[in-house]
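Dear colleague,

I am handing over the structure we spoke about, and I would be glad if you could look through it with the notes below beside you. Please open the sequence and the structure first.

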Amino acid sequence: MTRVVLAPDGFKGSISAADAADALAEGWADVDPGAELLLRPMADGGEGTVAAFAAAVPGARTMRVTVEGPAGAPVETTWLLLPPTADAPEGTGVIDLASTSGIELLDAPRPWDADTTGFGQAIAAALAHGVSRLILGIGSSASTDGGTGFLGALGARLLDGGGAPIPRGARGLASVTLVDRSELVAPPPTLVLTDVTNPLTGPQGAAAVFGPQKGLIAADAIAEVDRGLDRLAALLDLDPRTPGAGAAGGTGGALLAWGATLAPGAQEVARLVGLAEAVAGADVVITGEGSFDGQSGAGKAPAYVAALAAEAGVRVALAAGRIAGDADVSSFAASTSLVEIAGSTAAALGHPARHLRTAGSTLARMLLG
């Protein structure tokens with residue numbers, strides 16, 4: 001009997017990690033009906049992080065909250081309350097930036113005005129509830145505001161040279177001259193799950209690498225925001241070269257300045273769902289994500305799953321929405337994409353579960369010979 005572990009990340013804006021794992025499992029079972037299928041849906045700090053914890057922790061409670069989304073409009077969302085433990089007697093709050101200030105909440109990019117206020121408001125709601133600890137996922141950000149919105153929602157005042165509040169979003173970085181933290185809420189122990197290790201500024205920083213994904217295209221605009229992030233780092237007494245400070249448009253740096261600790265998101269979620277134990281006894285592991293590209297090897301869930309499988313000497317396969325030309329798939333025994341199966345991006349996005357089931361069958365035939 002073949003033992004198969006299904007550990008995909010979510011396919012952003014298309015299908016959740018849990019539903020992707022279900023579809024892949026169904027496809028494998030069509031070819032190998034006697035297989036033992038272990039579903040371990042993954043996340044790396046981005047979209048689906050709260051759902052991964054909700055599925056893995058018995059007694060977790062979904063808490064509803066309304067926040068200002070990245071464009072300022074109200075967003076109905078949730079955070080997760082984990083049950084009390086010895087080191088968190090009042091429970092742990094799990095919040096992801098994707099559902100409060102994420103890029104999927106925008107109809108169109110807002111490179112200068114989108115911000116992280118809603119993320120801070122959700123954190124404030126968890127703190128008001130009295131949680132003893134926070135776990136924060138910060139993938140899928142819509143903005144490059146350096147976390148100024150998050151800081152403002154928790155009590156910091158960010159002012160220009162005249163003592164007036166700076167504009168929201170990346171636009172405000174050009175004028176910030178003072179960060180008054182006298183009323184900033186103190187954090188409980190806070191673990192931040194991130195999928196990137198980029199510094200705050202420079203050629204590998206938040207503006208240069210991730211700004212274009214959020215609509216920050218022109219070279220002079222990227223340079224302007226990069227200078228603003230550098231100015232903010234100085235005001236926060238933060239070394240802009242710190243790994244991970246550039247995550248979520250610089251929100252990683254603001255969280256470090258607040259007193260949080262950054263950690264690899266995929267590694268923490270894997271620990272929670274018992275992925276290593278499942279992989280250790282497996283014959284095959286299947287992972288995946290919406291777009292597997294040149295950045296996927298830097299902290300993303302599929303790369304972590306592949307490394308874990310390699311350590312255990314288990315073959316690993318990839319099912320992605322698309323596999324970009326710059327992607328390195330050499331660590332996978334087999335790979336396929338929904339675009340390849342469906343014939344086009346539009347078709348792949350239209351019926352992801354159906355095509356993932358086909359992907360599961362395809363990979364089973366490839367690996368079982």
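This is a predicted model: local features need pLDDT of at least 70, side-chain atom pairs count only at pLDDT 80 or more; totals for chains, interfaces and linings use all residues.

I begin with an open sheet of 5 strands, whose order is β2-β1-β11-β13-β15 and whose pairing is parallel. The edges of this sheet are taken by β2 (36-39) and β15 (334-337), and because each has a single partner strand, one side of each is left without a neighbour in the sheet. On average, and with direction ignored, neighbouring strands here are turned by 20° against each other. Strand β1 (residues 3-6) is joined to β2 in the parallel sense over 4 bridges, and R3 is found opposite E36 in β2. Two helices pack on this sheet: helix α11 (residues 301-312) touches β11 (284-287) and β13 (315-320), with its direction at about 170° to that of β11, while helix α14 (residues 352-368) touches β11, β13 and β15, with its direction at about 155° to that of β15.

Helix α14 also packs with helix α1 (residues 17-31), at an angle of about 45° and with the axes 7 Å apart. The two helices, α1 and α14, are therefore oblique to each other, and their crossing is right-handed. Among the residues that make the contact are A20, L24 and W28 of α1, together with L356, G360 and L363 of α14.

The other sheet I would point out is an open one of 6 strands, in the order β3-β4-β5-β6-β9-β10, and its pairing is mixed. Here β3 (61-68) and β10 (261-264) stand at the edges, each with a single partner strand, so that one side of each has no neighbour in the sheet. Neighbouring strands of this sheet are turned by 25° against each other on average, direction ignored. Strand β4 (residues 74-82) pairs with strand β5 (residues 92-96) in the antiparallel sense over 3 bridges, and the bridge partner of L82 in β5 is T92. Helix α2 (residues 49-56) packs on this sheet and touches β4, β5, β6 (133-137) and β9, its direction making about 145° with that of β5. Helix α8 packs on the sheet as well, touching β6, β9 and β10, and its direction makes about 160° with that of β9.

Turning to the rings, the structure holds 3 aromatic pairs. In one of them, the rings of F119 and F150 have centres 6.0 Å apart and planes at 40°, so this pair is tilted. It links distant parts of the chain, since F119 belongs to helix α4 (residues 117-129) and F150 to helix α5 (residues 148-153), 31 residues apart. F150 also forms an edge-to-face pair with W258, at 5.5 Å centre to centre and with 85° between the planes. As F150 lies in helix α5 and W258 in helix α8 (residues 247-258), this pair ties together parts that are 108 residues apart in sequence. F119 is buried, F150 is buried with a relative accessible area of 0%, and W258 counts as buried at 6% relative accessibility. Together, F119, F150 and W258 form one aromatic cluster.

Finally, T201 sits in the loop between β9 (190-194) and α6 (206-210), and at 15% relative accessibility T201 counts as buried. Leaving aside residues up to four places away in sequence, T201 touches D226, L229, D230 and P240.

Terms used
Residues are numbered from 1 along each chain as its sequence is written. Side-chain values use heavy atoms; hydrogens and water are left out. Rings of Phe, Tyr and Trp (its six-membered ring) pair if their centres lie within 6.5 Å; planes under 30 degrees apart count as stacked, over 60 as edge-to-face and the rest as tilted. Buried means under 20% relative accessible area, exposed over 50%, partly exposed in between (1.4 Å probe, protein chains only). Two strands pair if DSSP finds at least two bridges between them. Axes are lines fitted to C-alpha atoms, for helices over the stretch in contact, and angles run from 0 to 180 degrees between N-to-C directions. Contact means heavy atoms within 4.5 Å. Angles under 35 degrees count as roughly parallel, over 145 as roughly antiparallel, 65 to 115 as roughly perpendicular and the rest as oblique. A crossing is left-handed if the near helix is turned anticlockwise from the far one by less than a right angle, and right-handed if clockwise.
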